[in-house]
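Dear colleague,

Please find below the structure that I am handing over to you. My notes on what was found in it follow directly after.

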Amino acid sequence: MLEKMRNIGIMAHIDAGKTTTTERILYYSGKIHKIGEIDDGAATMDFMKQEQERGITIASAAITTEWKGYKINIIDTPGHVDFTAEVERSLRVLDGAVAVICAVGWVQPQTETVWKQADEFHVPRICFVNKMDRVGADFFGAMEDVRKKFGCEPVALEIPMGSGQDFEGVIDLLKMKEICWDSETEGEKFTESEISDEYKELAQEWREKLVDTVASNDEELTDLYIEGREISVEQLVSALRKATINRTLVPFLCGSSRHNQGVQPLIDAVVAYLPSPDEVPPAEGIHVKRNEEEKILVKCDPDSKTPAGLVFKIQYDREAGILCFVRMYSGKISTGTQVYNVGKKKRERVNRILRVNANRMEQMDSISAGDIAVFVGLKFAQTGDTLGSEGMPVLLESVKFPEPVISIAIEPETMGDRAKLQETLEILSREDPTFTFRDDEETGQLVISGMGELHLDVLVTRIRDDFKVQCRVGSPQVTYRESISTAADYKEEFSKVLAGKENAACLTIHIEPRETGAGNSYTCAVHDNSIPKEIYEAIEQSIQSCFTSGIRMGYPCTDIAVSVIDIKYDELTASTFAFEAAAAEAFDKACESATPELLEPVMEVDIECPSEFVGDAMSQITQRGGMIVSMDEKSGESVIHAKAPMAKMFGFSTNLRSVTQGRASFGMVFSHFQVKV
């Protein structure tokens, strides 16, 4: 029954009350029998040890509950900027979202990020203004802030009775009733009563605004409204549902999750206004054997003979192994059957299908279109892979992830742990696409990269605590380069007696600097047929290896042109060994006399930030010896293009976030090498 199913996400800025709200939804829907508080580390959805210790959500957790005959799959997403990718991959597979907004802080930086992501994936949403019991809470101010910042049309379904310590409950503008919650039953019981005289006028004013806003978005209701005829609650709800799904209106509710007020009407609103899986546009995909530009629409049909599911998250479980979170878009997959991984072109067996309940699992026989479940037994699947059939290999649009922006070096405490560390990093990078690792060939270090310092700190703690691999971390070494600034010639004569035989060689080389970024080049200007081919090869091989071993400091060379201009060859004493040694010596001596230089890597940095923080963002770059290249505007934000030395960019993401209230983001790619000042 697709119309009785909802796939929703809870999204917001850090500390707006997402997990607290989810906890209440689970309690009132009978999924849990005791409310766990985040402050005590007992929240159902924050089941990871680190989430309990830090009091924040790190990984998006999924759970399924029921409410008045409706099945609701809920994903509680993180609010910290370092875990933006967790939100991104969850929104990709959700049909609707609840944006939790702080009644005091209104629209906060990370709220902006998740709202933009929801816009990108065309996710309909409703807003819950939380923390109405706090001093300074302002429901109407929060609504106006959302209207201003996101250009959407908010519509209040409730208004609060009082705020701060005087917050008593809410007024339902559709039923025109007061709702007050009983604190003794942890908000489980509530009473509906007639609106008191104190709030009658305000309630009437906002009821008229509600009818006016909804009617202006629906042609049928507009006619009734103009004619002055009565619009029923059923008509309002139906029109509001249509407008919410089309994303022309955003319904607003309010309450205080911490004090168990306002959550039941929120669950009713999820069921009433957010879409079922068959009410959202079909997923788009491409047929891998046909024209790649031709889009195929995958309709949400449980009876379809061609299954299609998207792996949107991978999680490692110590007992079950790799868990693959799958959203089904079409057809049905049963336990024990084979599926076809379309992207990897491999067949895989689904050993078990599990219904997710945070950190507990329930066995399922099958999963049909519109549902979310966990597959156990897939060996090759990664985030973004499509599971389908070989007969109709449709590749669904994958999830795109931002590039990692911060790196640190990591090493095991004992050499015996190196293989185990490598294995652990592979598991973590499969779990989290924004986490990467690589062996730096030049420095010999193992370097891990992620979205921020907290992100890497969490991962390193997991390596130590969950995987029991003891390791040390430190700043990665910057790989410099060496070059020359002037031209030089050098003649080298080599002679050595080995095993009673003389080995001699004589050659002259010319070296000169090339333009920045041109790389190294080698040419031989001598063309003498009497000299064997092996001699030419020995000289070239020797020069090429000199390029990698450096001049003074041992860093690789760059932008040097080497030309062999003379070779003295005597067949009685010549040997490949002698010419190799002569070429290496000639290169070293020539470079020493050509004013060698040390070059450092320069990064191209693009910073996106709100216009009011442009000055702060620019000063962060210039303080690091960077140079602003240009600036332009992009969809209401300023984009700063700059160049800065890599060695001074460590810790930049943390500083940039602190001066821009976490609202700036940046990307960094290698540009070129320049002389180290």
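The mean pLDDT of the protein chain (the predictor's confidence in each residue, from 0 to 100) is 81, and 88% of the residues score at least 70. Residues 38-48 have a pLDDT below 50, although this stretch has 44 contacts in the model beyond near neighbours in sequence; contact here means heavy atoms within 4.5 Å. Residues 50-60 also have a pLDDT below 50, with 46 contacts beyond near neighbours in sequence. Where pLDDT is low, the predicted coordinates should not be read in detail.

This is a predicted model, in which local features need pLDDT of at least 70 and side-chain atom pairs count only at pLDDT 80 or more, while totals for chains, interfaces and linings use all residues. Residues are numbered from 1 along each chain as its sequence is written, and side-chain values use heavy atoms, with hydrogens and water left out.

The protein chain has 15 helices and 37 strands, taken as DSSP runs (H or I, at least four residues, for helices; E, at least two, for strands) and numbered from the N terminus. Of its 677 residues, 54% are buried, that is, under 20% relative accessible area with a 1.4 Å probe and protein chains only. Of the contacts between residues at least 6 apart in sequence, 70% join residues at least 24 apart.

Strand β29 covers residues 481-484; Arg481 and Ser483 point one way from the strand, Glu482 and Ile484 point the other way, and all are buried. β29 pairs with strand β34 (residues 596-610) in the antiparallel sense over 4 bridges, where pairing requires that DSSP finds at least two bridges. Glu597 in β34 is the bridge partner of Ser483.

Ser483 is also among the residues that Asp559 touches, together with others including Glu512, Arg514 and Asn520. Asp559 belongs to the loop between α12 (533-549) and β33 (560-568). Asp559 is buried but has no salt bridge, and Arg514, the nearest side chain of opposite charge, is 6.5 Å away. A salt bridge requires a side-chain nitrogen of Lys or Arg within 4 Å of a carboxyl oxygen of Asp or Glu; Lys and Arg count as positive and Asp and Glu as negative, with His and the chain ends not counted.

Ser276 sits in the loop between α9 (263-273) and β12 (283-287). Ser276 counts as buried because its relative accessible area is 1%. Beyond four places in sequence, the contacts of Ser276 include Leu2, Met5, Asp95 and Arg241.

Yours sincerely

Terms used:
Buried means under 20% relative accessible area, exposed over 50%, partly exposed in between (1.4 Å probe, protein chains only).
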